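Take a look at the model below.

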Amino acid sequence: MNMMRPILTAKELAIGYGKTEKGCILRGLNFDIYPGDMICLMGHNGCGKTTLLRTISRLTSPIHGQIKIRDRNIFEYGSNEFAGLLSVVLTDKIDMINMSVFEVVALGRYPHTNMWGKLTRTDKKIIMDSLEILGIVDLAGNQMEELSDGQRQKVFVARSLAQDTPILLLDEPTTYLDLPGKLEILRLLGKIVREKKVAVLFSSHDWQLVLEMVGWIWLVGGDNKLRVGVPEDLILSGDFENCFRHDKFIFNRQTALFQERKEQMNHVCLCGNDEDGIIWTGHALKKENFMIDEMHKNDSPLIYVNSSKQGCVWILKKNGAEKTLNSIEDLLVNLKTR
Amino acid sequence: MTRYKTIFTILIFSVLLLFIILLVVGPVTIPIDSFWDILFDNNSVPKSWKAIFWEIRFPKTVTAFMAGAALAVSGLIMQTYFGNPLAGPFILGVHSGASLGVAFWIMATGVAGLILPEIFHDMGLILFAVLGSSLVLFLLLFLSRKIPGKLVLLVMGLVFGHMAGGIINILVSISSADKIRTFLLWNLGSFQRVTGNQLVIFTLVILLGLIISIFLIKHLNLLLLGEHYARTSGMNVERLKIFFILLTALLSGTVTAFCGPIAFVGIITPHMLRRWILSNNHSFLLPGCMLLGGCMAMFAEFVSNFFGTVTIPINAVMGLIGAPVIFLFLWKRKIVEES
């Protein structure tokens, strides 16, 4: 990593709205992006993620400081020249109708084609390669309005890819997608980084998925400072917890999940012969304000998860009585009625 | 691809057909088989036919086609640029701007007591129409940077239209009767006023505009993605913006100068074509708009002369054909949005 030269560097960057200090959101930013980086930009809503991406892509001017790509200030590049270095996928909802997927992806060739916009054989190959990487070659002839949200997002990523740039920025590419859609986009970004050796910087709120699939994050903390690192380090250092701190929630370091802070806890004891059963029963109990103890106390209810060939049953011992229940739902109902 | 070929074949065929119909039909019917003799100035045809052909029929046909093509193309460019399906030279107040320019020119020369040579008068007419329409478009452009909502922009266009109307009313009230008449006739819209040298100037200016518009196809396509994507894909938006504005002002301004404010062709043609061709690709839309716009204007000209001695003003025809089409479009759109 250190042997390589960064493709993008920012020095003492301050960003925000307008041109004065008044609109400043983030300041004192210093960062490098290397070819082959896959970076996820995280932070609470309104922390300046989108503004940072917009500033890097020249849609907004920095308040001060500078960004350099290949050792040259980004504002020194001509429009076409810059479009050959950096492409973006924005959150703008584009109402695209009556355009085929191929035509939309072909728009990515804009900075490379002649004044007529004629696609050469090379252009067509690059477009098809982009579709190929995202696995949507068979959609090439489809109209945009026929696609699902996930497919549309892939088309826009393919369009950026067709722009053939060493840097790719994506603003919340996983928003609006269902879980498989989110996973798919993240997987494809990883694939693009590996196969194309481009640098990818994207913002996301899908912390759980990012933790699973991304090795390097930029975290905009509650103190408006940018922290850079491996996500696991940021969890252990408490930075992640600080960033998303909320009075009503506590951060669970084991699962990296925020959980509702409970005021009053009822104790129960949970045991059984089925691992999964215990985990999910515990999960449901926690939501309902129960504290799970390892050891059985006299006055607290005892739950035994009994798994057999007939399925799973829950045996509840409460106030001396014993009941066999067929679902977690029944269990919760019985626990709550005194 | 075959679909596009079929549509373009139909369009070209319609243009030729309407062209011939407009040359043949009128108070005096000139049969097609005499065209050859008229073109090559043979003496076998009556002199009056030649005069009617060269002084009335041919100029009005060419004018109608050129005007329709120019308005449709400028409407298309505005719709794509403003990202608004209801944008068009009429609704955005560009016509009003041109009207104001023309009113100013006609009345001001009258008030100043200037008597200008005809060619100079015509050049001034074009110049002022283009200036007027550019003025409105530049104002809209300026506002479009301050006002994010594109709907507000349309309302602004209407507001400008009313402002221009107010100034025109004042100009009318202080002008002499013959100037007012000239202006009111101009305001009705007609393809029959452009003759002789004017036709040459008109045709050349419109052709120039249409040829320039072909170079915008690539940029218009990118603009479908919105301005942010256009910028990050390498479009020099600031420079092209001025280009778009000047071109649409030149096209719709010139047509308005010569033919008067022609309604609806500009806004409707792109919609009809999109629905028909089922593509937003300007490589098809732009040439298609030229042909379809030309057809619409020629058809309107045909209808306006259809009832023999009574000539219905072009704008009346446009209103009667155009309004229901806009209505249908909005109706269908409403249904689509509700479903």
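The contact takes in 25 residues of chain A and 21 residues of chain B. This is a predicted model. On chain B, the side that touches chain A draws two or more residues from each of α9 (217–223) and α10 (227–232) of chain B. By class, that side of chain B holds 10 polar, 8 nonpolar and 3 charged residues.

Now turn to a sheet in chain A. Strands of a sheet pair through backbone hydrogen bonds, in either a parallel or an antiparallel sense. This sheet of chain A is open and has 5 strands, in the order β14-β13-β15-β16-β17. Its pairing is mixed. Which strands are at the edges? They are β14 (290–293) and β17 (321–325) of chain A, and each pairs on one side only. From one strand to the next, the twist averages 30°.

Look at one pair more closely. Strand β16 (residues 311–318) of chain A is antiparallel to β17(A), and the two pair over 5 bridges. A:Ile315 stands opposite A:Thr324, which is in β17(A).

Two helices of chain A belong in this picture. Helix α10(A) lies across strands of chain A, and helix α11(A) packs on the sheet.

| Helix of chain A | Residues | Strands of chain A | Angle |
|---|---|---|---|
| α10(A) | 275–287 | lies across β13 (266–272), β14, β15 (302–308) and β16 | about 170° to β13(A) |
| α11(A) | 328–336 | touches β15, β16 and β17 | about 155° with β17(A) |

Key: Residues numbered from 1 in each chain as written. Chains lettered and ligands numbered in written order. Predicted model: local features only at pLDDT ≥ 70, side-chain atom pairs only at ≥ 80, totals over all residues. Contact = placed C-beta atoms within 7 Å. Helix = DSSP H or I, 4+ residues; strand = E, 2+ residues; numbered from the N terminus. Nonpolar A, V, L, I, M, F, W, Y, C, P; charged D, E, K, R; others polar. Pairing = 2+ DSSP bridges. Axes fitted to C-alpha atoms, helices over the stretch in contact; angles between N-to-C directions.
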